[in-house]
There are 2 protein chains.
Amino acid sequence: MTSDTNTPNAPGAGRTIISVDAMGGDLGPAAVVAGISLSARKNPDIGFIVSGDEPTLKSLFAKNPSLADRCEIRHAEEVVTMDDKPSQVMRYGKKTSMWAAVDAVRNGDASVCVSCGNTGALMAVSMIRLRKLPSVNRPAIACLWPSRNKSGFNIMLDVGADIRADQEDLLQYALMGASYARNGMGITRPRVGLLNVGTEEHKGRAELKVAHELISEAAGPADFEFVGFVEGGDIPSDRVDVIVTDGFTGNVALKTGEGTASLISDFLRQAFKATPFARIASLLALTSLKRLKRRIDPRRVNGGVFLGLNGTVIKSHGSADETGIAAAIQLAITLSQSDFNHKLAARVASGAAARQDAQTDQGE
Amino acid sequence: MTSDTNTPNAPGAGRTIISVDAMGGDLGPAAVVAGISLSARKNPDIGFIVSGDEPTLKSLFAKNPSLADRCEIRHAEEVVTMDDKPSQVMRYGKKTSMWAAVDAVRNGDASVCVSCGNTGALMAVSMIRLRKLPSVNRPAIACLWPSRNKSGFNIMLDVGADIRADQEDLLQYALMGASYARNGMGITRPRVGLLNVGTEEHKGRAELKVAHELISEAAGPADFEFVGFVEGGDIPSDRVDVIVTDGFTGNVALKTGEGTASLISDFLRQAFKATPFARIASLLALTSLKRLKRRIDPRRVNGGVFLGLNGTVIKSHGSADETGIAAAIQLAITLSQSDFNHKLAARVASGAAARQDAQTDQGE
């Protein structure tokens with residue numbers, strides 16, 4: 001591994017520090033601090049920068065002095081609410097805990113930022129404070145999806161950073177998603193698929209056909225496998241590790257999947273209350289049902305990762321409890337310790353260079 | 001009800017006849033004939049026109065003479081396969097069972113056509129043989145979705161007739177979807193939602209904002225309630241009866257929902273095999289689990305309805321078994337007996353006339 005003096009938080013350069021926005025989640029700062037506490041017990045070497053209302057945070061940490069020693073509190077007077085418009089927060093949000101949490105990454109004090117706040121505002125603040133990577137046009141949000149794969153998850157992006165994506169954006173999503181799969185999930189040669197309404201090459205929108213070509217060309221140099229077009233039914237499959245799509249489609253798919261899972265869970269709960277036999281059955285099957293619940297528990301896959309910026313930001317579910325927050329922090333630690341953002345930046349830059357070369361070649 | 005000499009299959013004009021394409025399904029004509037038989041037992045007054053290879057069909061019907069009396073076989077030499085391209089079928093498909101089945105509706109011999117064949121080809125053949133309704137630009141495919149509503153289902157369209165839809169198309173989908181909810185599901189005043197990535201009015205693509213206005217204006221005259229933007233998570237909810245979206249997004253959402261349901265079913269099956277206790281539990285909860293399975297069984301909601309043509313065509317799942325085929329035929333019977341297609345045509349035409357008036361008013 002090469003040493004790099006510009007990256008104080010690269011592995012080996014010192015203790016991993018995670019920046020956490022303590023405010024803005026539905027359950028308030030107590031749930032966030034409980035999540036930090038859970039995570040701190042599992043990861044004794046990690047430090048935290050915690051942004052939010054200092055008196056509130058101090059009283060929460062007062063109950064847990066050993067945790068307080070590992071957390072630096074950064075006071076922020078204001079909180080971004082779920083109703084705040086991103087454009088307003090960009091202009092007037094300097095005093096918010098969200099801003100402070102992102103700035104900790106910008107300043108190099110922390111390697112990854114975690115927030116449960118308003119997604120649009122978090123992306124807007126991340127964009128203006130961290131800026132896009134030089135060769136990225138549109139940053140993306142990548143989520144984890146329960147799947148039939150051995151790892152238990154697939155990656156899908158973009159799930160809502162932008163409602164548009166052209167062929168070049170989709171190519172960048174493929175490069176960024178493959179890099180995430182490699183560094184966040186340890187998949188050496190990720191399989192990448194492009195979401196469409198059919199798997200035949202002639203199907204779908206024009207930009208998808210061009211993106212199919214671009215991603216196909218990039219697969220060799222960027223060391224991933226391109227499986228071609230995939231359909232909605234393949235998202236939780238073991239055919240693919242990374243699903244590439246525009247943020248509109250990805251967001252609808254993500255919420256449809258979550259809605260379907262929640263519908264079935266409700267139906268299942270009703271089914272186990274329907275008869276006395278079923279009630280006994282639910283007790284007998286308790287361990288198995290808990291295991292099932294764990295496999296599809298959205299808290300376990302908590303954390304949309306913002307890709308394509310000079311720094312990594314993780315968006316936790318607004319409704320995340322301590323388990324969910326701890327899961328998002330765990331992802332932050334994994335990505336930080338794999339020096340993910342520098343590797344992703346290098347990958348996207350070399351992809352762009354290769355494209356540049358190809359275009360120059362064609363022009364000759 | 002007014003009498004109409006041009007519609008021999010309108011209610012009261014005689015026996016309801018359903019046209020069924022016996023070929024092209026994954027399980028072959030035996031499954032289709034079994035589905036017809038199931039449906040015929042439940043609906044003693046219905047007749048069938050069955051298109052396909054005559055010798056094969058005759059031998060299938062030979063086992064069931066009472067059914068044979070109610071079915072007219074129309075011989076077709078050829079079969080549309082799942083790999084056939086729609087454009088090829090349009091040009092060279094005259095001798096296929098699919099063509100014959102659609103033509104039975106075109107000629108007025110049957111009121112609704114049911115096929116398990118290739119979706120793209122079926123839409124192409126339906127378009128050229130039945131033609132679009134005068135005021136419809138893009139026909140749509142509407143599907144039923146298991147939901148928390150009392151009826152157990154919501155309607156979503158378009159789920160794949162076309163990958164594009166502009167604001168006018170989305171308005172037509174709202175009118176057609178509301179008409180389907182009224183005539184197919186008996187919902188007097190359906191609630192219509194427009195699928196987007198957020199429920200705030202400023203969110204989403206430009207055409208969605210315009211469509212929001214158009215549908216909002218149409219809601220009063222067309223007697224439906226417009227609930228505004230809905231998200232992926234609302235598709236199975238009880239907030240809405242009809243979800244309007246473009247065919248790309250709708251198709252991805254449909255397949256994502258099916259994929260998620262199938263993933264959870266597999267996990268559930270594994271959970272009940274995991275321990276001896278769980279195995280006993282699965283026996284105790286058998287009735288409840290069967291009920292759950294029935295609630296999310298895709299075979300029960302089998303049948304994508306093609307809307308916006310001069311005639312109703314129902315696309316059954318390619319993999320439908322006799323239960324699935326019977327469900328698709330049941331939907332055909334309901335729609336036929338409510339004189340659905342004439343009501344839908346009238347609704348879309350009056351919607352178009354209202355729009356025309358409004359535009360003329362603005363021009364004055």
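Colleague: What makes you call α1(B) mostly covered?

Modeller: Of the 15 residues in α1(B), 11 are buried. Buried means under 20% relative accessible area, exposed means over 50%, and partly exposed is in between (1.4 Å probe, protein chains only). A word on the basis: this is a predicted model, in which local features need pLDDT of at least 70 and side-chain atom pairs count only at pLDDT 80 or more, while totals for chains, interfaces and linings use all residues. Residues are numbered from 1 along each chain as its sequence is written, chains are lettered from A and ligands numbered from 1 in the order in which they are written, and side-chain values use heavy atoms, with hydrogens and water left out.

Colleague: Which elements cover the buried residues of α1(B)?

Modeller: Among them are β1 (17-21), β2 (47-52) and α12 (322-337) of chain B. The names come from DSSP runs numbered from the N terminus: helices are H or I with at least four residues, strands are E with at least two. The buried residues of α1(B) include V32(B), V33(B), I36(B) and L38(B).

Colleague: Now to the pairing of the chains. Why is D266(B) said to form a salt bridge with R148(A)?

Modeller: A salt bridge is a side-chain nitrogen of Lys or Arg within 4 Å of a carboxyl oxygen of Asp or Glu. In D266(B) and R148(A) the closest N and O atoms are 2.6 Å apart, so the pair meets that rule. Six such bridges are found across the interface of chain B and chain A.

Colleague: What do chain B and chain A each bring to the contact?

Modeller: Each of them gives 54 residues, contact being heavy atoms within 4.5 Å. The buried area between them is about 4,700 Å², with 71% from carbon and sulfur atoms. That area is the accessible area (1.4 Å probe) that two parts lose on being put together, summed over both.

Colleague: Why do you say that the pair of E231(B) and K255(A) joins two chains?

Modeller: E231(B) lies in the loop between β8 and β9 (242-244) of chain B, while K255(A) is in helix α9 (residues 247-271) of chain A, so the pair joins two chains. Their closest N and O atoms are 2.2 Å apart in a salt bridge, and both residues are buried.

Colleague: What makes D162(A) count as buried or exposed?

Modeller: The relative accessible area of D162(A) is 17%, so D162(A) is buried. R138(A), at 18%, is buried too. Their side chains meet in a salt bridge (3.2 Å, N to O). This pair links distant parts of the chain, 24 residues apart.

Colleague: What does the pair of R191(A) and D241(A) tie together?

Modeller: R191(A) is in strand β7 (residues 191-195) of chain A and D241(A) in the loop between β8 (225-230) and β9 (242-244) of chain A, so parts 50 residues apart in sequence are tied together. The salt bridge of R191(A) and D241(A) has an N to O distance of 2.9 Å. D241(A) is buried, at 6% relative accessible area.

Colleague: What is worth a remark in the backbone of R131(B)?

Modeller: R131(B) is not a glycine, yet its phi is positive, about 65°. Most residues other than glycine have a negative phi, and most peptide bonds are trans. R131(B) sits in the loop between α6 (119-130) and β5 of chain B and, at 53% relative accessibility, counts as exposed. D223(B) also has a positive phi, about 60°, but at 34% it counts as partly exposed.

Colleague: Which residues does a cis peptide bond join in chain B?

Modeller: L157(B) and D158(B), with omega about -5°. In chain A, a cis peptide bond joins L157(A) and D158(A), with omega about 0°. D158(A) is placed in the loop between β6 (153-157) and α7 (167-185) of chain A.
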